[in-house]
Amino acid sequence: MSPKNPEHNVVISAASADENFKSSIGSFISENSDFSIPSAIVEKSKDIKTRLDTARFWDVVTQIALRIGFSVFFGFLLFYQNIRVFGLVIDSIRNGSIRDLQIIIGVVISGTLIETYKISEIMVKWMFKDIDYKKY
Amino acid sequence: MAILSKDQILSIESSAQDVLLSVFDNLDSVQPPIDIFKILKKYNLKLQVGRFKEENIAGAYKRLDNTIFVNSDDPYPRQVFTIAHELGHHFLHNDKNEEVFLRTALTKLDGQNSPQESEANWFAASLLMPKKLILKYWELTHDVEKISAIFGVSPTAVYFRLKNLQLL
């Protein structure tokens, strides 16, 4: 056989490849037409998906609803409190008692500022923090 | 080393998506783990599960007989990836009449194979771990083990899928 014929070479290599293939699978003894996913794998997958989806549900529905509710509540609370504190200061000026109420007003204003800071901190660090789904 | 071009990747992803669509009708209804047996039935492909003469063979494919062979000694996640890989050859490489998938190739999912093997691996990954679904679960849990349990594939397959999608 002349190796100069490229077509012939292809035939030889194809035949040899077929022989190799047959020898590879020659000892294949069993045949199984059913290849369903094992129930343990399905159950485990379902369990993890359910836990993640539940966590996501709580995040999306509950926490967002809570965030909106708390935001509105704290916003109103801080607004009302500031109005009241400044009202108190203005009333004291009108009554001429600001000098006498200096300590009380100082404490109330400081308290209000600290409260505002703490509420803002709670909102940022707790209410609006990302949920770590890894624990689910 | 075979690195696939962006066009090749898009084409393979689209082929895998088409196969899923043809079997499950609506991609939104596809839930992991993907039932590979449904795909085999849809395309009249026969599956033989048994032992190969050589231990290092994970699977094989013979176009003429429409048959995929898979090693019965392998765990399910490896078997399902092997079948999906052979499906890749079936759908992508019409010129390929026979193929033997070696066990060693399963550990080289990062493209250190021939172009056709890399394409088949990419197809297998996108068939078993559709992009939309893996992105969803990766966003929820950055945990490879959990994602592998969700998709019923090996953590290695998940790791390379995430790496190939540039999420790792």
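Two strands count as paired if DSSP finds at least two bridges between them. Keep that handy for the hairpin below.

## What you're looking at

This is a predicted model, where local features need pLDDT of at least 70, side-chain atom pairs count only at pLDDT 80 or more, and totals for chains, interfaces and linings use all residues. Residues are numbered from 1 along each chain as its sequence is written, chains are lettered from A and ligands numbered from 1 in the order in which they are written, and side-chain values use heavy atoms, with hydrogens and water left out.

## Confidence in chain A

pLDDT is the predictor's confidence in each residue, from 0 to 100. Chain A averages 77, with 71% of its residues at 70 or more.

Over residues 1-14 of chain A, pLDDT stays under 50, and the model has 2 contacts for them beyond four places in sequence; a contact means heavy atoms within 4.5 Å. Where pLDDT is low, the predicted coordinates should not be read in detail.

## The annotated spans of chain A

An unreviewed UniProt entry puts the feature "transmembrane region" at residues 60-80 and 101-119 of chain A. UniProt positions follow the numbering used here, feature names are shortened, and annotations may be inferred rather than shown by experiment. In the model, residues 60-80 of chain A are 100% helix and 0% strand, with the end C-alpha atoms 30 Å apart. Residues 101-119 of chain A come out at 95% helix and 0% strand, and there the end C-alpha atoms lie 26 Å apart.

Strand β2 (residues 57-62) of chain B has 6 of its 6 residues buried, so it is largely enclosed by the rest of the structure. Here buried means under 20% relative accessible area, exposed over 50%, and partly exposed in between (1.4 Å probe, protein chains only). β2(B) runs antiparallel to strand β3 (residues 67-71) of chain B, and 4 bridges join them. Lys62(B) sits opposite Thr67(B) in β3(B).

The hairpin has 4 residues between the strands, and Asn66(B) takes a positive phi near 55° there. Asn66(B) is partly exposed, at 25% relative accessible area.

Pro32(B) and Pro33(B) are joined by a cis peptide bond, with omega about -5°. Pro33(B) belongs to the loop between α1 and α2 (36-42) of chain B. Asp25(B) is in the loop between α1 and α2 of chain B too. Asp25(B) isn't a glycine, yet its phi is positive, about 65°, and the residue is exposed, with a relative accessible area of 63%.

## Helix α8 and the cores

Helix α8 (residues 155-164) of chain B buries Ala157(B), Val158(B), Phe160(B), Arg161(B) and Leu162(B). Their cover includes α1 (6-24), α3 (76-92), α5 (115-128), α6 (131-140) and α7 (144-151) of chain B. Just past α8(B), Gln166(B) has a positive phi of about 60°.

A nonpolar core is a set of buried Ala, Val, Leu, Ile, Met, Phe, Trp, Tyr and Cys residues joined through side-chain atoms within 4.5 Å. The largest has 51 residues, and those touching the most other members are Phe35(A), Ile36(B), Ile83(B), Leu87(B), Leu127(B) and Phe151(B). A second, separate core of 5 residues includes Phe74(A), Leu78(A), Ile119(A) and Met127(A).

How values were computed. Helices (H or I, at least four residues) and strands (E, at least two) are DSSP runs, numbered from the N terminus.
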